[in-house]
Amino acid sequence: MGAFQNRLTAGTCLVGALMLSTAAMTITAAAQDLTVALPTSVNTLDPHNTATVGTDLSVISHLYTPLVIRGPDLALQPALATSWEAVDDLTWRFELRPGVTFVNGEPLDAEAVRWNIERVLDPDFNARVQSWFRPIEEVRVIDDTTLEIVTNAPYPALADQMSSFFLLPPQWTEAHNPAAEASSSGPYELVEFVSGDRIVLQANDDYWGEAPPFQTVEFRMMPEDSSRIAALLADEADFVQYFPPSEIDRINESGRAEASAISGIRFMLVKFNNLRPPFQDNPDLRMAINYAIDRQGIIDSLFNGLGDIANCQALSPAYFGYNAELEPAPYDPQRARELLASAGYPDGLELDLEVPLGRYVQAQEIAQVIAAMLAEIGVDVNIIEMEFGAWLDKYRNAGDLGDMSYLGQAWPTLDADGLLTLFEPGNAYAYYENEQFGELIREARSITDRDRRQDLYREATQVMCEDPPHVPMFFQPTTYAVSNDIEWQVRPDDWVRAFDMAPR
Amino acid sequence: MSGYFAGRLLESLVAILGVLTIVFIAARLTGDPAVLLLPISATDADIARMRQELGLDRPLLEQYLAFLADVLRGDFGVSFEHHRPAMQVVLERLPATFELAGVALLIGAAVGIAAGLVAALARGTVLELIAMGVALIGQATPIFWLGIVLILVFAVELQWLPAGGRGGLDHIILPAITLATFTTASIARLLRSSMIEVLKEDYIRTAWAKGLVPRIVYLRHAARNALIPVITMIGILAGELFSGAVVTETIFSWPGVGRVVVQAIETKDFAVVQAGVTVISVIFIGFNLLVDLLYGLVDPRIRIAS
């Protein structure tokens with residue numbers, strides 16, 4: 001009897017405990033909130049005055065609807081537009097979802113889309129993202145749910161570009177400051193925007209799409225890496241990014257969160273100034289430097305082995321136009337020394353390496369490793385560290401880039417007709433004059449046929465691989481950590497979105 | 001006295017004008033905000049148009065005179081980043097800065113004065129050694145390191161206090177302690193030496209000779225005089241604390257004036273840099289003026305001399 005009663009009590013307790021824990025789990029899952037710690041402040045909610053994906057546009061993507069949206073698998077998915085196609089080389093047609101409204105009741109129809117594009121193109125408004133839409137000639141409203149965009153030249157990446165273009169409510173925008181307020185049509189509504197501190201969102205009950213996974217989402221601005229990690233480990237944040245790769249092990253060992261890194265879309269390179277000596281008209285010197293740098297060694301020692309070497313091209317596999325056939329130049333210091341001699345520098349030479357600060361992961365350390373590797377083949381490197389703005393001024397505006405510079409470049413449309421234009425002869429960022437390459441990418445830009453474009457980019461990347469204007473290094477890994485309570489569909493581009501996450 | 005004060009006020013205005021001029025020129029020497037504001041696809045024409053919109057295409061002298069004329073009207077321009085009046089962007093951060101500075105100053109003054117008195121009165125004992133040892137360490141500890149250690153211990157390990165951000169009373173404890181460390185140590189060390197000096201004075205010997213009890217001698221006769229240099233020190237420290245504490249604000253994600261200005265420098269948001277530095281210099285100079293005034297009040301000799 002005694003034993004039976006004990007067993008009975010134990011059994012009841014067990015059942016009770018199970019029920020309790022199930023109930024507790026249901027409650028946490030349903031009511032779970034998400035806190036994302038951002039490394040830099042979001043200063044504007046106006047989608048047409050910022051091009052920063054990792055912070056501003058990510059927050060804005062919770063509030064406003066774009067025509068199309070890029071999923072975690074990097075494929076374009078329907079958003080306001082249910083389908084889209086290039087009717088001819090100069091015309092794109094979008095079919096829109098009917099009945100979508102903003103929380104203030106304004107309709108998000110073809111007319112509203114036209115107003116948004118015209119706002120960006122308005123010379124008086126001078127939107128920061130105006131250059132995205134420069135080729136647009138006319139926006140035709142066919143009916144409430146059909147829209148045609150006519151361009152003055154083929155614009156093959158228009159749909160991709162639309163995935164970072166968010167739509168404001170026209171009437172509301174006339175009377176409010178969209179930099180500081182919001183009238184949402186997206187999965188979340190704005191509750192609070194405290195400059196430099198936090199942005200609080202709550203689920204929008206009238207959202208046209210799938211109900212979002214969290215009731216409340218809070219973005220907190222935490223500029224210091226150690227503080228963001230501390231907030232994660234103290235259970236005050238669920239998601240953090242952009243910390244030094246050396247922190248990955250520490251976070252994983254805490255048992256409170258999982259950390260890793262994903263090879264991103266930002267192409268890191270050692271750029272040469274090919275417009276003046278010693279790199280001008282000296283392909284052997286360029287190749288010598290290419291053979292002298294052990295990229296995998298840098299990834300292994302500074303990035304915990306996480307990160308992918310660039311395959312002799314600026315494009316990562318995430319970009320349209322990627323050439324899978326190219327191979328990276330091997331690390332071969334002996335070959336490098338020979339090439340250096342045939343380049344006319346048997347006794348080595350002295351080169352400047354400009355390094356902008358505060359922008360690229362471990363840039364100072366990487367520059368030092370590069371300098372040490374080049375020293376082995378007899379190249380004496382002067383590392384010149386510069387404040388980012390001053391460096392950009394010298395590089396972009398003054399056309400006065402040093403002999404070499406360590407930098408990174410990415411293009412959010414993930415299309416070769418974007419990133420590769422930065423190497424086109426005449427482009428202020430290029431410092432490279434390869435007419436064959438220029439002709440190929442200009443031709444690819446003039447057509448919308450995907451297969452033909454892919455062929456042209458295969459050729460263009462091949463040309464650039466054989467006559468490298470730089471050392472293609474690797475794709476900058478993005479470090480990230482998520483708390484044990486949530487899951488994230490990892491993506492290599494910079495978007496941080498609550499609807500790519502879910503309670504665990 | 002009022003003539004003296006008017007003179008100081010005029011000096012302050014000249015100082016602020018000087019700061020404005022230096023900031024105006026320094027900001028423009030560091031590069032072009034237009035390139036930073038625009039996406040990488042922007043053409044030279046886009047950049048030129050943005051420069052025009054920001055008024056940066058005009059000759060420097062013309063820009064400077066227009067800037068001064070606007071400032072006299074109280075207009076500091078619109079932030080390139082926030083798309084709101086720059087002064088508003090800065091002023092809305094003041095409550096956070098004052099809150100943190102106020103608490104840190106209270107902690108610093110209370111603990112610093114207590115430690116300084118103890119050290120002076122317990123001269124040659126272990127107590128003095130401990131108080132001054134701690135003060136020396138406090139003054140020498142990098143704020144950055146201290147802040148991170150406090151977060152790791154109290155937020156991550158013990159989970160007693162939040163790791164950062166502004167919110168309830170619990171949010172201010174760690175940043176205030178971090179910020180107060182240097183203040184506490186400076187006040188303690190200064191008060192100790194000042195107290196030791198004063199205790200050698202003739203009037204203290206007279207007080208003892210009159211047969212006054214130690215409490216009266218130490219607190220009324222000695223401490224009151226020993227505190228005069230400490231007041232100056234507190235004033236200067238307060239000026240520093242209230243004009244924003246960049247490092248502490250950054251470690252603790254505290255949305256104060258210091259951080260908004262540093263961020264504006266990085267993004268070349270000239271309007272916010274200019275408004276921010278103006279606010280900071282007004283606060284700093286204001287506290288210095290206040291110290292001068294207080295000095296006159298506590299020490300009649302200064303009033304008579306002026």
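**From sheet to buried helix**

In this predicted model, A:Ser83 stands opposite A:Glu95 in strand S5 of chain A. The two strands that bring this pair together are S4(A) and S5(A), the latter spanning residues 91-96, and they run antiparallel with six bridges joining them. Helix H3 of chain A, residues 110-121, packs on the sheet and touches S5, S6 and strand S7 (146-151) of chain A, while its direction makes about 165° with that of S6(A).

The sheet itself is open and consists of four strands of chain A in the order S4-S5-S7-S6, with antiparallel pairing. Its edges are formed by strand S4 (81-88) and strand S6 (136-143) of chain A, each of which pairs on one side only. If direction is ignored, neighbouring strands of this sheet are turned by 20° against each other on average.

Within the pairing, A:Glu354 stands opposite A:Ile384 in S14(A).

How many of the eleven residues of H2(A) are buried? Eleven of the eleven are, and the helix is therefore largely enclosed by the rest of the structure. Among these buried residues are A:Val53 and A:Gly54, as well as A:Asp56, A:His62 and A:Leu63. The elements that cover the buried residues of H2(A) include S1, strand S8 (188-194), strand S9 (198-203) and strand S10 (216-221) of chain A.

The loop between strand S1 (34-38) and helix H2 (53-63) of chain A contains A:Asn43. Is A:Asn43 buried or exposed? Its relative accessibility is 5%, and because buried means under 20%, A:Asn43 counts as buried. Leaving aside neighbours within four places in sequence, A:Asn43 is in contact with A:Asp56, A:Ala179 and A:Phe193, and also with B:Glu81, B:His82 and B:Gln263 of chain B. A:Asp56, which A:Asn43 contacts, is itself one of the buried residues of H2(A).

Terms used
Residues are numbered from 1 along each chain as its sequence is written. Chains are lettered from A and ligands numbered from 1 in the order in which they are written. This is a predicted model: local features need pLDDT of at least 70, side-chain atom pairs count only at pLDDT 80 or more; totals for chains, interfaces and linings use all residues. Side-chain values use heavy atoms; hydrogens and water are left out. Two strands pair if DSSP finds at least two bridges between them. Axes are lines fitted to C-alpha atoms, for helices over the stretch in contact, and angles run from 0 to 180 degrees between N-to-C directions. Contact means heavy atoms within 4.5 Å. Buried means under 20% relative accessible area, exposed over 50%, partly exposed in between (1.4 Å probe, protein chains only).
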